[in-house]
Amino acid sequence: MKEITVVVPTAEDMRELGLRLAGLLQPGDLLVLTGGLGAGKTTLTQGIGEGLKVRGPITSPTFVIARVHPSLAGGPPLVHVDAYRLGGFAELDDLDLDASVDESVTVVEWGEGLAEGLAEDRLEMIISRGDGPGEERRVRIVGVGDRWADLELDRG
Ligand SMILES: Nc1ncnc2c1ncn2[C@@H]1O[C@H](COP(=O)(O)OP(=O)(O)O)[C@@H](O)[C@H]1O
Ligand SMILES: [Mg+2]
């Protein structure tokens, strides 16, 4: 397990973090985002989508629990899941996501305690309010499994 914490001063920086992260992502990757309402989970996902060059818009899936954003550049699609209303792993499993997890980049908001069953390796991103002034956030990024053992997010 490997982890780093990044300070994210603004919403734009959160997008930028997602964009940078997208450069490291490959099919089969699972990202589990944790953080309260308004933490910045969707904003981060928008940056990831931009980096992956998928078709948008990426929004909070209010009524739709999962959305597939196909790549516009021949890369993997982004599967964006909002697990907030899901009652448990059985319901997440019922979405039949695991059929596509291998070929997609899957990002699950509110997935803590649920999404772990989708793949053994995952990147957990825990967003909290920063100590600094204004809109600062802190993102704890924890890589679980071999996939993330050599994660070098702090490099450029
Ligand atoms: N540092 C920051 N990181 C992320 N979002 C921020 C930040 N500062 C302000 N914001 C704002 O906070 C809100 C986060 O909303 P959203 O990404 O939908 O959160 P969530 O999906 O976690 O509920 C957006 O309006 C965004 O512009
Ligand atoms: Mg959201």
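Modeller: A polar contact here is a pair of N or O atoms within 3.5 Å. Please bear in mind that the model is predicted.

Colleague: Which residue has a backbone N or O atom 3.0 Å from a nitrogen atom of ligand 1?

Modeller: The cut-off for a polar contact is 3.5 Å, and a separation of 3.0 Å from a nitrogen atom of ligand 1 is found for a backbone N or O atom. The residue that supplies this backbone atom is Glu135.

Colleague: How far from an oxygen atom of ligand 1 is the N or O atom in the side chain of Thr43?

Modeller: Ligand 1 is surrounded by 16 residues, and the closest are Gly38, Gly40, Lys41, Thr42 and Thr43. Arg137 also places a polar side-chain atom 3.4 Å from an oxygen atom of ligand 1. For the side chain of Thr43, the distance to an oxygen atom of the ligand is 2.6 Å.

Colleague: Which residues are the protein donors of the magnesium ion (ligand 2)?

Modeller: A donor must be an N, O or S atom within 2.8 Å of the metal. The protein donors lie 2.2 to 2.3 Å from the magnesium ion, and they are Thr42 (OG1) and Glu109 (OE).

Colleague: How many residues apart in sequence are the parts that this pair ties together?

Modeller: Thr42 belongs to helix H2 (residues 41-52), whereas Glu109 belongs to strand E5 (residues 105-109). Both Thr42 and Glu109 are buried. Because the pair joins this helix and this strand, the parts tied together are apart in sequence by 67 residues.

Colleague: What is the order of the strands in the open sheet?

Modeller: The sheet has seven strands with mixed pairing. Its edge strands, each pairing on one side only, are E1 (2-8) and E3 (66-69). From one strand to the next the twist averages 15°. The order is E1-E7-E6-E2-E5-E4-E3.

Colleague: Which residue in E5 stands opposite His80?

Modeller: Strand E4 (residues 78-82) runs parallel to E5, and five bridges join the two. The residue of E5 opposite His80 is Val107.

Colleague: At about what angle does H2 run to E5?

Modeller: Helix H1 (residues 11-22) packs on the sheet, and its direction makes about 170° with that of E6. H2 lies across E2, E4, E5 and E6, and its angle to E5 is about 170°.

Colleague: Is Ala90 buried or exposed?

Modeller: Ala90 is placed in helix H3 (residues 89-94). The cut-off for this class is over 50%. Since its relative accessibility is 55%, Ala90 counts as exposed.

Technical notes: Residues numbered from 1 in each chain as written. Chains lettered and ligands numbered in written order. Predicted model: local features only at pLDDT ≥ 70, side-chain atom pairs only at ≥ 80, totals over all residues. Heavy atoms only, no water. Donors = N, O, S within 2.8 Å, 3.2 Å for Na, K, Ca; no water. Helix = DSSP H or I, 4+ residues; strand = E, 2+ residues; numbered from the N terminus. Buried < 20%, exposed > 50% of the residue type's maximum accessible area, 1.4 Å probe, protein only. Pairing = 2+ DSSP bridges. Axes fitted to C-alpha atoms, helices over the stretch in contact; angles between N-to-C directions. Contact = heavy atoms within 4.5 Å. Near = heavy atom within 4 Å. Polar contact = N/O pair within 3.5 Å; in protein donor to acceptor, adjacent residues only side chain to side chain.
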